[in-house]
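Work through these exercises with the structure open. Try each task before reading its solution.

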2 protein chains.
Amino acid sequence: MSRLAHGMLAGLDEIAEVGRDAARGGYSRHLWQGPDLELRAWFIERATRIGLDVETDRNGNLWAWWGEPGENAVVTGSHLDSVPGGGAYDGPLGVVSALDAVASLKGSGFQPSRPVAVVVFAEEEGSRFGVACLGSRLLTGAIDADRARSLVDRDGVTLAEAAGLAGLDPRRLGIDRAAIDRVGLFIELHVEQGRGLIDLQSPLAIASSILAHGRWRLTFAGQGNHAGATTMAERRDPMVAAAHAILAVTEAAVASPDSRATVGRLEVVPGGTNVIASRVIAWLDARAPSDRQTRDLVADIEVRIRLALAGTGCSLQITEESWSGLVTFDPTVAENLATALGGTPLMATGAGHDAGVLAALVPSAMVFVRNPTGVSHSPEEFAEAADCVAGVSALERMLRSVL
Amino acid sequence: MSRLAHGMLAGLDEIAEVGRDAARGGYSRHLWQGPDLELRAWFIERATRIGLDVETDRNGNLWAWWGEPGENAVVTGSHLDSVPGGGAYDGPLGVVSALDAVASLKGSGFQPSRPVAVVVFAEEEGSRFGVACLGSRLLTGAIDADRARSLVDRDGVTLAEAAGLAGLDPRRLGIDRAAIDRVGLFIELHVEQGRGLIDLQSPLAIASSILAHGRWRLTFAGQGNHAGATTMAERRDPMVAAAHAILAVTEAAVASPDSRATVGRLEVVPGGTNVIASRVIAWLDARAPSDRQTRDLVADIEVRIRLALAGTGCSLQITEESWSGLVTFDPTVAENLATALGGTPLMATGAGHDAGVLAALVPSAMVFVRNPTGVSHSPEEFAEAADCVAGVSALERMLRSVL
């Protein structure tokens, strides 16, 4: 394929320098900040170049239409934002592959029987406002619009303020029935984020399900004080409370079959070397094979933490920031697509996706591209060029099979 | 005293709005950044107003001279910078009290037999460049100038760059024999940072000694990865390693008599909720009644951490950022000052001070003012107006006794 350069799809090459994070490694591309704005402009330019008409919906998601927008559309795409210090493939691979597959269909003279669109969802990672899949949740009403408007980023800017600065009307954020009702089928191509395809020895898989998962904010409050003048017996140190909590999170997750629980973000207030902290905020990410098991896991974590807190003199407040129930993708759609690809295997995943949010309202499917490192949300995330090409080719075949 | 307003010394009132930290509470006043620059300008204006001549030394410390600078000077003062989210008294109380005591001596027509100066030391808390008492360490050569020049702040700015921006010649940072040789006696007044004066039921105490103490940077490295797609068994999570370390720090300090050890600052890379961290940096502050005991404490902490690390798949790198051996203040000077005050008690402290750094080269003494909350490095830090007045009065009497 002539679009390949430097071993990656050309689209990935074009954005390879956007949002590089020298301090963390990898990329930091967060909603409506410099790199994300640059990626949005790049998407509009690239989609326009292949003859698509781009519109921005009321929630900041981008839709690039092949012909007239309309009902029963086949939509494919993913997201362009990243976690802090993320990889090059998580999100962009799905967008670039969608553009390439549609361009290839158009170039071949194919006439679709249904409207087609390439979509870019906003803030899939939740790296700026804390709620994953924010763009698709707003679109589908999976998050209350008033709650969403009041979300704040690390600088205290609300989503409403940021949306206004990005040219949206913050009062219009929220469920967008006209936009979602047009979608007849959504297909998201995504780099695999674990070792699933290494184990299956397959370049591709079709998603069967997504673990139930959610995010909780744990706030530990103690007594800020002087690190030298305060005896060990006098302390109420929330850093010690948070350390007990982090170990409790791991212990509880290990005790719950096929579950995962993580503290990957932590803020210390005030954060001085010679200062006993007054407050520590830890974010919990917990996932399990069913809604009930995930709720039980979080309840177990809370019990373990509260037991450990007894000796610390600190208090704990838990706030649920987001919740995503178990997603089982439409098995008929998944089987049909797997068959269209000549028997591609089905695979469950622990990673959340916009396709999981859309699956509650419209038939949705995912195709994963092998990641030979098994590492994601990290600069080590990778996909071989040959597997990326197989992904574009599979997406094109899937589109042909439903158009 | 007419200089009192709103229950604090007038000087504290004048700077009460400078560097307030809305997010953390209290004050954030860091070397050569906005609030610190404002406080330096305020000090120069206020010292000039009472007839002192202010000079900035090659390391950014400010000296306000009563008459001609000269040998065998009696110098008093403290610092104006703060920890992140610190209190109103730690540092500024000593500067304001020194200005008030000197103004009162001048106003009374007193003729000093020796030169007198009020000093403001730079970066006492080490909040910007990580090394406590940086200004007095540079002055006395207690830190190597090349090492100091290459210290970096949280934004990657070196001390050399910051000094240049502040109008200093970075090549001239370092030991300043002319400046230190002029000091015949240094007296620092400081708010008490623990419960020592509550227990002694005294508004004031003279310092006898300062615990040995230091700072170490602990860097835990693991494998950044996806929080949902990575099974618990596959993880090498440095947050878990850091949690074990924080608990080990507390356990080791409790096991070492009269010791304190704290992790009050921690950075998570990359710091996303749905991302297993790749690296966690924790800063250790450790203190004990002797140099040997402090070294043993840190060695014990390292052993405990390395044992705990075995199960985490993570590595640890330890870097010493600063070291301050046990300080025993000149007992004759301390006894003489205590007697001049009519029998003020002597007291040891766990908090580091510029007076402790100067004590290695010149006779130095400290007077503590009671803190009824027993809390410091926090907005709750406090001193009653009556105790502040007693502090100024005591400082004036001490100066009279040696001038």
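**Exercise 1. A pair in one helix**

By how many residues in helix α10 of chain A are A:Arg306 and A:Glu302 separated?

Solution. This is a predicted model. Start with the positions: A:Arg306 and A:Glu302 are 4 residues apart in helix α10 of chain A, so about one helical turn separates them. Next, look at the side chains. They meet in a salt bridge, 2.9 Å from N to O. Last, check the accessibility. A:Arg306 has 40% relative accessibility and counts as partly exposed. A:Glu302 is partly exposed too, with a relative accessible area of 28%.

**Exercise 2. Another pair in α10**

Find the residue with which A:Asp296 forms a salt bridge, then classify both partners as buried, partly exposed or exposed.

Solution. The partner is A:Arg292. The closest N and O atoms of this pair are 3.3 Å apart. Both residues lie in helix α10 of chain A, which covers residues 291-309. They are 4 residues apart, about one turn of the helix. Now apply the cut-offs: buried is under 20% relative accessible area, exposed is over 50%, and partly exposed is in between. A:Asp296 has 41%, so A:Asp296 is partly exposed. A:Arg292 has 61%, so A:Arg292 is exposed.

**Exercise 3. A sheet and its helix**

Give the order of the strands in the open sheet of chain B, and name the helix that packs on the sheet.

Solution. The sheet has 4 strands, in the order β11-β13-β9-β14. Their pairing is antiparallel. The edge strands of chain B are β11 (260-269) and β14 (315-324), each pairing on one side only. On average, neighbouring strands are turned by 20° against each other, direction ignored. Take one pairing in detail. Strand β9 (residues 212-221) of chain B is joined to β14(B) by 9 bridges. Within that region, B:Trp216 has B:Glu320 in β14(B) as its bridge partner. Helix α9 (residues 238-255) of chain B packs on the sheet. Helix α9 touches β9, β11 and β13 (279-288) of chain B. The direction of helix α9 makes about 170° with that of β11(B).

**Exercise 4. Two chains, one axis**

What rotation superposes chain A on chain B?

Solution. The rotation is 180°, with 0.0 Å of shift along its axis and an RMSD of 0.1 Å. That is the relation of a two-fold axis. Now find the residue of chain A that comes closest to the axis: A:Ala243, at 2.1 Å (C-alpha). Finally, compare the interfaces. 98% of the interface residues of chain A are also interface residues in chain B, so the copies meet through the same surface.

Methods: Residues numbered from 1 in each chain as written. Chains lettered and ligands numbered in written order. Predicted model: local features only at pLDDT ≥ 70, side-chain atom pairs only at ≥ 80, totals over all residues. Heavy atoms only, no water. Least-squares fit on C-alpha atoms with pLDDT ≥ 70 in both. Contact = heavy atoms within 4.5 Å. Pairing = 2+ DSSP bridges. Helix = DSSP H or I, 4+ residues; strand = E, 2+ residues; numbered from the N terminus. Axes fitted to C-alpha atoms, helices over the stretch in contact; angles between N-to-C directions. Salt bridge = Lys/Arg side-chain N within 4 Å of Asp/Glu carboxyl O. Buried < 20%, exposed > 50% of the residue type's maximum accessible area, 1.4 Å probe, protein only.
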